[in-house]
Amino acid sequence: MKSNRFSLRALIILSLAGILLINTLVMIYFIVSFDFQEVAGKDIVENPYLWLGVFMVLVILFFMTLIIIINKAIFEPIFAMKRAAEHIKSGNLNYPIVYDAENEIGDFCREFDKMRIRLKDTIQEQHEIEKRRKRLIASITHDLRTPLTSIKGYVEAIQDGIVKDQETYEKYLETISDKADYLNHLIDDLSVYTKQELGEFTLNRERLNSGRLLNSYFDHKTEDFRELPLTLILHKPFISTFINVDPYRFNQILENLINNAQKYANNVIEVRTRVVNYHLQITISDDGDGIPEDVISNIFDPFFMVNKVKDQKEKGGSGLGLAIVKQLTERHDGFISVNSIVGKGTTFTVDFPLDL
Ligand code: ADP
């Protein structure tokens, strides 16, 4: 049911004006029907004209003040909110409601303004997510297309009979195989990353001993390092405490960080553990060329590589490793940080809350 629309302000002003009018009429009636002969010649203080006049002025002043107060306390903030709502409706979320009276309407305006700020933040977050999603799709498309184009080029060269000698033929096949391996690796990383991004994977967390976990991972790793021109220094004994982690994902975090250190170290990789603020801290340091300061804040972004040509071609990177490590660490209520000095090396630190 649709009710007739009245301006609330007009309604209140009309009611007050009505009361004022009735008052005035009553007084006029009183004046008209008063027997003035009776009071003539009396003292001024006893003169009813004076008292009626004072009373009338007081009543008028009272109602006028009431109208001003109601206008200021109720209608001004309501109009301010209406203006703000119109701005919000037209997409301008930067228009604040400035009304800070300590009363119910003030509370209401403050809540309304908080709602505006929250809405603004949510829209900004959505814009960011959308921008990231577009960047991600652009990077995926680019990173998948580049090796595919190259595979196609080599296959066509073989099919067209351009390759005459056995040596070139084998070199071409080897390149095709490398590119296919790279695509495989990229798709694996992408699959892990998107599953995590969409929350489509579960963690099987258990309360586990950190010393045992680290020893078991590095026992295997030490074997791999025997064949590498790198020294892996493990600062043992590793801290033996309890953390609540998915052992498979925990190993995946270490594996990604160690693989990176392996790719970028010049001679030495060091692993240390300590407990800080009820967190187990694992640091993995290398003596590589380091990460330039101006790009270090992008290091955990998906597909980010300091030197795309070198990192992708020479190191076979996808630029997803650290993004995956960050997601995984945060899913474990932990966090990751990086410290790097160009020409000296890089240290990654992962923190896991203790499960005492
Ligand atoms: P990928 O999966 O290709 O290894 P990451 O996300 O792990 O990619 O790393 C992103 C980029 O960060 C790398 O391409 C490299 O440029 C830089 N980076 C990562 N770890 C190190 C490191 N230990 N030292 C120097 N640069 C590193």
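Student: Which elements each supply at least two residues of the lining of the largest pocket?
Tutor: Rolling a probe the size of a water molecule over the atoms shows where empty space is left. In this predicted model, the elements that each give at least two residues to the lining of the largest pocket are α5, α7 (247–264), β5 (279–286), α8 (308–314), α9 and β7 (345–353). The largest share, nine residues, comes from α7.

Student: What volume does the largest pocket have, and which residues are the closest to its centre?
Tutor: The volume of the largest pocket is about 960 Å³. Its lining has 41 residues, and the closest to the centre are Asn260, Lys263, Tyr264, Asp311 and Lys315.

Student: How does the lining of the largest pocket divide by class, and which domains does it draw on?
Tutor: The lining of the largest pocket has 17 nonpolar, 15 polar and nine charged residues. Domain 2 (138–198) and domain 3 (206–353) each provide at least three residues of that lining.

Student: Now the second largest pocket: how much space lies in it, and which residues lie nearest its centre?
Tutor: The second largest pocket holds about 360 Å³ of space. It is lined by 15 residues, with Arg132, Arg133, Leu136, Tyr193 and Glu197 nearest its centre. Both α4 (104–159) and α5 supply at least two residues of this lining, and the largest share, eight residues, comes from α4. By class, the lining of the second largest pocket has eight nonpolar, two polar and five charged residues. Here too, at least three residues come from each of domain 2 (138–198) and domain 3 (206–353).

Student: On to helix packing. At what angle do α5 and α9 pack, and which residues meet?
Tutor: For a helix pair, read the angle, the axis distance and the handedness, then turn to the contacts. Helix α5 (residues 166–197) packs against helix α9 (residues 321–331) at an angle of about 35°, with the axes 10 Å apart. The crossing of α5 past α9 is left-handed. From α5, the residues in contact are Asp189, Val192, Tyr193, Gln196 and Glu197, and they meet Ala323, Ile324, Gln327 and Leu328 in α9. This contact divides into five nonpolar, two polar and two charged residues. Notice that Tyr193 and Glu197 of α5 take part in the contact with α9 and also lie among the residues nearest the centre of the second largest pocket.

Student: How do α7 and α9 cross?
Tutor: Their axes come within 10 Å and cross at roughly 145°, and α7 passes α9 in a left-handed crossing. On the α7 side the contact is made by Arg249, Gln252, Ile253, Asn256, Leu257 and Asn260, and on the α9 side by Gly321, Leu322, Ile324, Val325, Leu328 and Thr329. The contact of α7 with α9 has six nonpolar, five polar and one charged residues by class.

Student: What should I look for in the backbone, and where?
Tutor: Most residues other than glycine have a negative phi, and most peptide bonds are trans. In this model, a cis peptide bond joins Lys236 and Pro237, with omega about 0°. Pro237 sits in the loop between β2 (231–234) and β3 (242–245).

Student: And what is the phi of Asn277?
Tutor: Phi of Asn277 is near 50°, a positive value in a residue other than glycine. Asn277 is placed in the loop between β4 (268–276) and β5.

Key: Residues are numbered from 1 along each chain as its sequence is written. This is a predicted model: local features need pLDDT of at least 70, side-chain atom pairs count only at pLDDT 80 or more; totals for chains, interfaces and linings use all residues. Side-chain values use heavy atoms; hydrogens and water are left out. Axes are lines fitted to C-alpha atoms, for helices over the stretch in contact, and angles run from 0 to 180 degrees between N-to-C directions. Helices (H or I, at least four residues) and strands (E, at least two) are DSSP runs, numbered from the N terminus. A crossing is left-handed if the near helix is turned anticlockwise from the far one by less than a right angle, and right-handed if clockwise. Contact means heavy atoms within 4.5 Å. Ala, Val, Leu, Ile, Met, Phe, Trp, Tyr, Cys and Pro count as nonpolar, Asp, Glu, Lys and Arg as charged, and the others, Gly among them, as polar. On a 1 Å grid over the protein atoms alone, a cavity is a set of points where a 1.4 Å probe fits but cannot get out, and a pocket is an open set with protein on both sides within 12 Å along at least five of seven lines; lining residues have an atom within 4 Å of a point. Grid points are joined across faces, edges and corners, and a volume is the space filled by probe spheres set on the points. Domain bounds come from an automatic or database domain assignment.
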